[in-house]
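Colleague: I have a model open and a few things to ask about it. Can we go through it together?

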Amino acid sequence: MTDCVQKDDLLFDLIDKTASVLEEAAGMSQDDARVAACAVARAVAKDWGGMQIYIPKGLSLRDVEIYSQFTGNNVPELCRRYGLTEVRIYQIIDKARKAHIARTQPDLFTE
């Protein structure tokens, strides 16, 4: 177990997942990965503690990045950066825009 958070805490799951990724993707030792994962959990708790945070499930991190970088006139640049066609960039932007609107604007027809 980790001594920086309680077992039933959401941060405990963050520590487990972060440590697992660091071990597998970065080749860190289990102990070093846990130390780093605890540091990540502390930073998240410090910066975002008490906030309601929405993590989109239907969009990939890449898609979120593309949407956040879209300025309205930089599609060719995004195509080059991400190796995608213009059609695909516009599809991603459309999907991300709809997800953003659904998340931030209340439905007028819901009781």
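Colleague: Is Asp16 buried, partly exposed or exposed?

Modeller: Asp16 is partly exposed, with a relative accessible area of 30%. Buried means under 20% relative accessible area, exposed means over 50%, and partly exposed is in between, with a 1.4 Å probe and protein chains only.

Colleague: What should I know about the model before I go on?

Modeller: It is a predicted model, where local features need pLDDT of at least 70 and side-chain atom pairs count only at pLDDT 80 or more, while totals for chains, interfaces and linings use all residues. Residues are numbered from 1 along each chain as its sequence is written, and side-chain values use heavy atoms, with hydrogens and water left out.

Colleague: Fine. Which residue does Asp16 meet in a salt bridge?

Modeller: Its partner is Arg34, at 2.7 Å from N to O. This pair links distant parts of the chain, since Arg34 is in helix 2 and Asp16 in helix 1, 18 residues apart. A salt bridge here is a side-chain nitrogen of Lys or Arg within 4 Å of a carboxyl oxygen of Asp or Glu. Helices are DSSP runs of H or I with at least four residues, strands are E runs of at least two, and both are numbered from the N terminus.

Colleague: And Arg34, what is its relative accessibility?

Modeller: Arg34 has 23%, so it counts as partly exposed.

Colleague: How many salt bridges are there by that rule?

Modeller: The count is five. Among them, Asp13 pairs with Lys17, the closest N and O atoms being 3.0 Å apart. Both lie in helix 1 (residues 10-26), four residues apart, about one turn of the helix. Asp13 is partly exposed at a relative accessible area of 35%.

Colleague: Why would such side chains pair at all?

Modeller: Side chains of opposite charge can pair when their charged atoms come close.

Colleague: What about Asp94, which residue does its side chain meet?

Modeller: Lys98, in a salt bridge of 3.2 Å, N to O. Asp94 and Lys98 are separated by about one helical turn because they are four residues apart in helix 5 (residues 86-104). Asp94 is partly exposed at 35%, whereas Lys98 is exposed at 53%.

Colleague: Back to helix 1 and helix 2. At what angle do their axes cross?

Modeller: Roughly 135°, and the axes come within 8 Å. That makes helix 1 oblique to helix 2. Axes are lines fitted to C-alpha atoms, for helices over the stretch in contact, and angles run from 0 to 180 degrees between N-to-C directions. Under 35 degrees counts as roughly parallel, over 145 as roughly antiparallel, 65 to 115 as roughly perpendicular, and the rest as oblique.

Colleague: Where is Ala45 in the chain?

Modeller: Ala45 is in helix 2 (residues 30-48). Its C-alpha atom is separated by 7.8 Å from that of Leu11, 34 residues apart along the chain. Ala45 counts as partly exposed, at 32% relative accessibility.

Colleague: Last topic, the whole chain. How many helices and strands does it have?

Modeller: Five helices and zero strands. Buried residues make up 22% of the 111 residues in the protein chain.
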